[in-house]
Amino acid sequence: MSGEDETRGDDEIRGTARGTAPVPLSVLDLVTVGAGSTAADAVRTAVGIARTAERRGFHRYWVAEHHSMPGVASSSPAVLLAHLAAHTATIRLGSGGVMLPNHAPLVIAEQFGTLEAMAPGRVDLGLGRAPGTDGATATALRRTAPHGGRAGAPALHEGADEFPQQLAELTRFLDGTFPDGHPYARIHAVPGPVQGTSPGGVQSAHRPPLWLLGSSGFSARLAGSLGLPFAFAHHFSAANTVPALDLYRASFRPSEVLAEPYALIGVSALAAEDEREARRQVLTGALSMIRLRTGRPGLIPTPEEAEAHHFSAVERDFVDGWLGNVVHGTPDAVRQGLDDLVKRTGADELMITANAHGALARLRSYELIADAYGLPQD
């Protein structure tokens with residue numbers, strides 16, 4: 001933990017609300033690629049957003065694993081986080097999340113042990129149990145069982161049933177706690193705690209805190225039973241938010257990590273100087289989601305393209321429902337919407353994702369939200 005964190009009263013999980021914000025504010029970035037721009041542009045924008053969030057006192061910045069989506073450049077969270085670690089100094093960096101069924105637990109432990117060495121004390125490891133893509137892409141990611149399925153074809157791991165076991169294996173690799181006689185007892189995630197117990201070793205046993213992510217009740221219950229912090233995807237599963245958080249709190253058992261539940265929710269929010277401009281910007285995300293859900297994923301469309309699109313009756317219904325869960329408008333309106341969301345859900349932290357086409361609109365939104373809450377200009 002850095003000296004700045006100590007003066008702000010933060011621990012590795014619980015942040016401190018700054019300015020007039022009711023809870024700590026954080027950032028979820030999909031590293032989106034808009035029409036007319038490149039993945040390199042998206043990564044530069046991600047650096048700009050992370051540095052803006054750090055300067056304005058947001059608690060953490062996470063990136064999410066997605067695959068085979070032209071408009072999302074965050075397929076490799078660990079690679080992105082290493083780059084962002086080199087361009088920031090104090091903000092917490094993490095995955096929101098790494099999709100555990102896509103990876104061998106040892107690989108994740110090695111990647112995040114390396115990130116911890118790059119940015120000591122400010123790395124989070126958020127884990128999800130979904131593939132972050134469609135079934136065919138999941139198969140291409142080698143999510144296969146050791147033995148073939150029908151006609152010798154690889155059998156796809158669905159992840160839900162195996163997720164608790166995968167999580168336990170990952171935790172043991174991170175902590176170096178496989179018992180004697182276990183097949184992995186002599187295997188170590190490096191960088192990791194084994195370097196501190198080797199002759200002459202001075203490596204700290206500290207490792208990134210684990211978070212469980214979810215959009216339903218499965219991970220909520222598991223996080224509660226293990227005494228882990230929980231992050232819920234309100235931005236695309238709003239109807240399940242309150243039931244999932246209630247289940248998490250009811251299932252919670254104190255642990256060495258947490259004495260009490262701690263839940264953040266991801267929320268899509270975008271502020272602009274006037275309401276019309278905010279709607280223009282968020283409409284691009286709605287059109288992009290329509291295309292994704294109808295099997296036509298692409299780059300994030302421009303506001304002009306979204307405004308000119310002829311929405312069918314079914315699409316208009318989708319847009320109305322989608323935008324109903326996006327907090328958007330003037331800074332005051334967004335502040336009020338976020339305040340209401342905290343009151344309604346009891347969330348301990350808000351993780352804001354600004355889905356829009358252009359870098360300037362997204363950066364400006366985070367600045368306006370910070371201004372609306374009187375966050376300091378660090």
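A residue is called buried when its relative accessible area is under 20%, exposed when that area is over 50%, and partly exposed in between (1.4 Å probe, protein chains only). Please keep in mind that this is a predicted model, in which local features need pLDDT of at least 70 and side-chain atom pairs count only at pLDDT 80 or more, while totals for chains, interfaces and linings use all residues. Residues are numbered from 1 along each chain as its sequence is written, and side-chain values use heavy atoms, with hydrogens and water left out.

**View 1. Strand 9, residues 263-271, is mostly covered.** Helices (H or I, at least four residues) and strands (E, at least two) are DSSP runs, numbered from the N terminus. Nine of the nine residues in strand 9 are buried. In a regular strand the side chains alternate between the two faces of the sheet. Here A263, I265, V267, A269 and A271 point one way, while L264, G266, S268 and L270 point the other way, and all are buried.

View 2. Two strands pair if DSSP finds at least two bridges between them.

**View 3. Strand 7, residues 210-214, is covered on both faces.** Five of its five residues are buried, so strand 7 is largely enclosed by the rest of the structure. L210, L212 and G214 lie on one side, with W211 and L213 on the other. Strand 7 pairs in the parallel sense with strand 4 (residues 123-128) over three bridges, and L210 is the bridge partner of L125 there. Three bridges also join strand 7 to strand 8, and these two strands run parallel.

**View 4. F173 and F178 form an edge-to-face aromatic pair.** A pair of aromatic rings is described by the distance of the centres and the angle of the planes. Rings of Phe, Tyr and Trp (its six-membered ring) pair if their centres lie within 6.5 Å; planes under 30 degrees apart count as stacked, over 60 as edge-to-face and the rest as tilted. A search of the whole structure finds 10 such aromatic pairs. In the pair shown here, F173 and F178 are 4.8 Å apart centre to centre, with 70 degrees between the planes. F173 is buried, with a relative accessible area of 4%, and F178 is buried at 13%.

**View 5. F230 and F232 form a tilted aromatic pair.** Their rings are 6.3 Å apart centre to centre, with 55 degrees between the planes. F230 has a relative accessible area of 0% and is buried; F232, at 1%, also counts as buried. Ring pairs link F230, F232, Y248 and F252 into a cluster.

**View 6. The charged end of R129 sits over the ring of F218.** A charge sits over a ring if NZ of Lys or CZ of Arg is within 6 Å of the ring centre and within 35 degrees of the ring normal. For R129, the distance to the centre of the F218 ring is 4.1 Å.

**View 7. Helix 13 (residues 331-345) packs against helix 14 (residues 359-372).** Two packed helices are described by the angle between their axes and the distance between the axes. Axes are lines fitted to C-alpha atoms, for helices over the stretch in contact, and angles run from 0 to 180 degrees between N-to-C directions. For helices 13 and 14, the angle is about 70 degrees and the axes are 9 Å apart. That makes helix 13 roughly perpendicular to helix 14 (angles under 35 degrees count as roughly parallel, over 145 as roughly antiparallel, 65 to 115 as roughly perpendicular and the rest as oblique). P331, V334, R335 and L338 in helix 13 meet L368, I369 and A372 in helix 14; contact means heavy atoms within 4.5 Å.
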